[in-house]
Amino acid sequence: MRRLAIINTGGTISSRPDEHGLVKPDAKVNPLIDIPGLEQFEIGQHQPFNLPGPHITLDHMQQLRFLIQELAPKTDGIVVTHGTDTLEETAFFLHLTLSTDTPVVLTGSM
């Protein structure tokens, strides 16, 4: 069975509407876990932090890089859910600093 690591860092993609319809961050739910088809993977869930995109700093990006480097040898792929305000900056930082052949994908939603 192929191994997939899903890293949730927060943002709109991990938010859910409350009983009044207001969208709020939900630290308990990884947004990609209930997607049909994932049952074919052994999934590891990770949440190093749960922040809106504008709150992501270089320190958070570095923390994410360390986690990815640790997980990469043990997985076939890594998906990172992220707030869109700094998704591009985080992706560029990881592109410049990661040293792994394991595919890493960042995704978000608005």
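User: Which backbone oxygen does the side chain of Thr9 reach?
Analyst: Bearing in mind that this is a predicted model, the side chain of Thr9 reaches the backbone oxygen of Thr81, at a distance of 2.7 Å.

User: Where does Thr9 lie, and is it buried or exposed?
Analyst: Thr9 lies in the loop between S1 and strand S2, the latter spanning residues 15-17. Its relative accessible area is 0%, and the cut-off for buried is under 20%, so Thr9 counts as buried.

User: What does Thr9 touch, leaving out residues up to four places away in sequence?
Analyst: Thr9 touches Pro48, Phe49, Asn50, Leu51, Leu64, Val80, Thr81 and His82.

User: His82 is on that list. Where is it, and what does its side chain join in a polar contact?
Analyst: His82 lies in the loop between S5 and helix H2, which covers residues 87-97, and a polar contact of 2.9 Å joins its side chain to that of Thr90. At 1% relative accessibility, His82 counts as buried. Beyond residues up to four places away in sequence, the residues that His82 touches include Thr9, Gly10, Ile13 and Ile56, as well as Leu106, Thr107 and Gly108.

User: Switching to the sheet: what is the strand order?
Analyst: The order is S4-S1-S5-S6, an open sheet of 4 strands with parallel pairing. Strand S4 (41-46) and strand S6 (104-107) are the edge strands, each pairing on one side only. On average, neighbouring strands of this sheet are turned by 20° against each other, direction ignored.

User: And which helix packs on it?
Analyst: H1 packs on the sheet and touches S1, S4, S5 and S6, with its direction making about 170° with that of S1.

User: How many bridges does S1 form with S4, and how many with S5?
Analyst: S1 and S4 pair in the parallel sense over 6 bridges, with Ile7 standing opposite His46 in S4. With S5, which also runs parallel to S1, there are 5 bridges, and here Leu4 stands opposite Gly77 in S5.

User: How many residues of S1 are buried?
Analyst: S1 is mostly covered, with 5 of its 7 residues buried.

User: What about S5 and S6, how many bridges join them?
Analyst: S5 and S6 run parallel and are joined by 4 bridges. Val80 stands opposite Leu106 in S6, while Ile78 stands opposite Val104 in S6.

User: Which residues does Val105 contact, neighbours within four places aside?
Analyst: Val105, which lies in strand S6, is in contact with Ile78, Val79 and Val80 once those neighbours are set aside. The C-alpha atoms of Val105 and Ala91 are separated by 8.5 Å, the two residues being 14 residues apart along the chain.

User: Why does Val105 count as partly exposed?
Analyst: Its relative accessible area is 44%, which falls between the under 20% required for buried and the over 50% required for exposed, so Val105 is classed as partly exposed.

User: New topic: how many salt bridges does the structure hold?
Analyst: The structure holds 1 salt bridge. Arg3 forms this salt bridge with Asp76, and the closest N and O atoms are 3.8 Å apart. The pair links distant parts of the chain, since Arg3 is in strand S1 (residues 2-8) and Asp76 is in the loop between helix H1 (58-71) and strand S5 (77-81), 73 residues apart.

User: Are those two residues buried, partly exposed or exposed?
Analyst: Arg3 counts as partly exposed at 32% relative accessibility, and Asp76 is partly exposed as well, with a relative accessible area of 28%.

User: Last one, Gln40: where is it, and what does its side chain reach?
Analyst: Gln40 sits in the loop between strand S3 (23-25) and S4, and its side chain reaches the backbone oxygen of Gly37 at 3.0 Å. Gln40 is exposed, with a relative accessible area of 52%. Leaving aside neighbours within four places in sequence, Gln40 is in contact with Met1 and Arg2, and its C-alpha lies 9.9 Å from that of Leu4, a residue 36 residues apart from it in sequence.

Key:
Residues numbered from 1 in each chain as written. Predicted model: local features only at pLDDT ≥ 70, side-chain atom pairs only at ≥ 80, totals over all residues. Heavy atoms only, no water. Salt bridge = Lys/Arg side-chain N within 4 Å of Asp/Glu carboxyl O. Helix = DSSP H or I, 4+ residues; strand = E, 2+ residues; numbered from the N terminus. Buried < 20%, exposed > 50% of the residue type's maximum accessible area, 1.4 Å probe, protein only. Polar contact = N/O pair within 3.5 Å; in protein donor to acceptor, adjacent residues only side chain to side chain. Contact = heavy atoms within 4.5 Å. Pairing = 2+ DSSP bridges. Axes fitted to C-alpha atoms, helices over the stretch in contact; angles between N-to-C directions.
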